[in-house]
Amino acid sequence: MRSSQDGMANAGPHQAVFDSEHRPITAGGFVKSGPIIFQDVAQAAGLAGWHHTAGTPAKRLILEAKGPGVCLLDYDNDGWLDIYLVNGSTYKALDGKEAPPQAALFHNNHDGTFTNVTKTTGVTNDRWGYGCTVGDYDNDGWPDLYVTNYGSNRLYHNNHDGTFTDVAEKAGVTVGTWSTGATFGDYDGDGRLDLFVDGYARIDLANPPISGSKAAGYAACEYRGAQVMCGPRGLKGEQDHLFHNNGDGTFTDVSKKLGVDDPNGYYGLGVLFVDVNGDGKPDLLVANDSTPNYLYMNKGDGTFEDQSYISGYAVNKDGREIANMGIAVGDYENNGHLSIVNTSFGDDYVVLFQNDGTGFFTDVSYQTGLAIASMPFVKFADGFLDYDNDGWKDLLIVNGHVYPEVDQHPEWGTSYAERPLLYHNLKNGKFDLVPAVEGTGLAVVSVGRGAAFGDIFNDGKIDVVINNMDGVPVLLRNVNQDHHQWVELGLIGGPKSPRDAVGATVYLQAGGIRQRGDVLSGGSYLSSNDMRVHFGLGDAIDAGTAEIHWPSGVKETVKLPAVDRIYTITEGKGITGALCGGNPCEDANAPANMTPKSTSH
């Protein structure tokens, strides 16, 4: 283990940035007035009574600095998103000397509040948790939940009665090392969701890698001259795992056979099954900390080809690996191409990998206006979201440092707790940073980690749940003043597609633009978003026409009868339900059934 003079950063120290009150820009730079986009309503919603814990506040081991993720899922199929928050643990709890911290499942009460139902639902986890992802792996119409841990992972099967059962052992997906990111996707097109889980690093608590110890190679682990936790560089990386769904409740580990097991021992964090070259087959992205990323291109025959370097996704424009953490994908140019944003450590910029449509990427972070403002921040979760429903995807990044020691060195221009960053899409390939107005959600300073994006209040606006290190969650409710129209589509796959339609792509032609949305499991940072596809429509009063590319290969065209609706669309049957204001629609503009035009390819 060599001395980590620059901590987790792979770039040199960036010049410190302070605001007018000489606060680090990461915890300052607020303005008195401006557009109010988000308000933190966690307290009013009933989420603030739950608290995340990981190790000790001193953060002597890297084990204590990663996680926690958050997942959005409608576990009881009532049409409203519930919230699952992953918790960490303590060393005493691992030794059985104190009760372990517990994860939380919050039920959505449909009135802006939530109820903690963890104990009755059976998803407390009671292990050192990191991430989670959602997917209906047995195609029974109910979302299941996978939780990654230091130690054995959990696969919570949904029992359809408000409870879950951990079937990870029986299913063969416990892994048992240190898992971080996870994603479901049907890589071989058999209509069943497979599971990919990445690993971070090998940590032996009997011989922990503390600065100057034998496990750290007797090296001093430093950040800007201050002694800090060791890693990840110098630690042995953990393997990745791809589990093929056998269709009988069990999975088979095919990662080594298919060459996606990470023989290099990189430090995996964000992962996502997503089709980046438009051939209808989910490819596999792995964001690796302080090491090159992986892009495994799906060959369509049940195998993958490692195109990490040839695609341009492995490293940034300088040919340098960065401390990759979260993954956001989105068609921010409205040209049908899914581009990728990877978050990174402080002193480095957030990387926007622009997709040419064939799965080849160019780092356009500087040209798009994302790079410079992001440098002082330690960036974890990220997501594309059309916060103002103008039909163009914006970008939100959640931040928080990993070294508590930075607060003892104000001259560095950074802070342990940091504010989020919101970039507005200018519709010309560029983004503009939205000012953080005092007292609003963009001015909330926390040690942010995982975040999930979705329409939590069924009002057509995308909200964000943030799970914070050693703190209470933040619920950024979207209160933007726009009066733009919108539609959302909840998809149900037919017999040859996964039931929850993971892997489906929707193109919506409305208001003179063609938008793209994808049904995905996982992404952000160790988290999982709303699977309903959301489209802002601007001032268009015609909801447009949706062209749905189902995982089965079937393509369907569905005319949407009205704006401001959450439609349920079932493969082969068209619109089978609609919500207006969170309740079933009663008007003639949302008929119970509209038969689609269907073609196979």
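How many Å apart are the sulfur atoms of Cys71 and Cys132? In this predicted model, the two form a disulfide with their sulfur atoms 2.3 Å apart. The torsion about the S-S bond of this pair is about 125°, so the disulfide is right-handed. The link bridges distant parts of the chain, with Cys71 in strand E2 (residues 70–73) and Cys132 in strand E6 (residues 128–135), 61 residues apart. Both Cys71 and Cys132 are buried.

When the bonded cysteines of the protein chain are numbered in sequence order, they pair as 1-2, 3-4, 5-6.

Cys221 and Cys230 are likewise joined by a disulfide, with an S to S value of 2.0 Å. Here the angle about the S-S bond is 100°, and the link is right-handed. As for the setting of the two residues, both Cys221 and Cys230 are buried.

The remaining pair to describe is Cys580 and Cys585, which form a disulfide with sulfur atoms 1.9 Å apart. Its handedness follows from the torsion about the S-S bond: the value is about 105°, so this disulfide is right-handed.

Definitions and conventions: Residues are numbered from 1 along each chain as its sequence is written. This is a predicted model: local features need pLDDT of at least 70, side-chain atom pairs count only at pLDDT 80 or more; totals for chains, interfaces and linings use all residues. Side-chain values use heavy atoms; hydrogens and water are left out. A disulfide is a pair of cysteine sulfur atoms within 2.5 Å. Helices (H or I, at least four residues) and strands (E, at least two) are DSSP runs, numbered from the N terminus. Buried means under 20% relative accessible area, exposed over 50%, partly exposed in between (1.4 Å probe, protein chains only).
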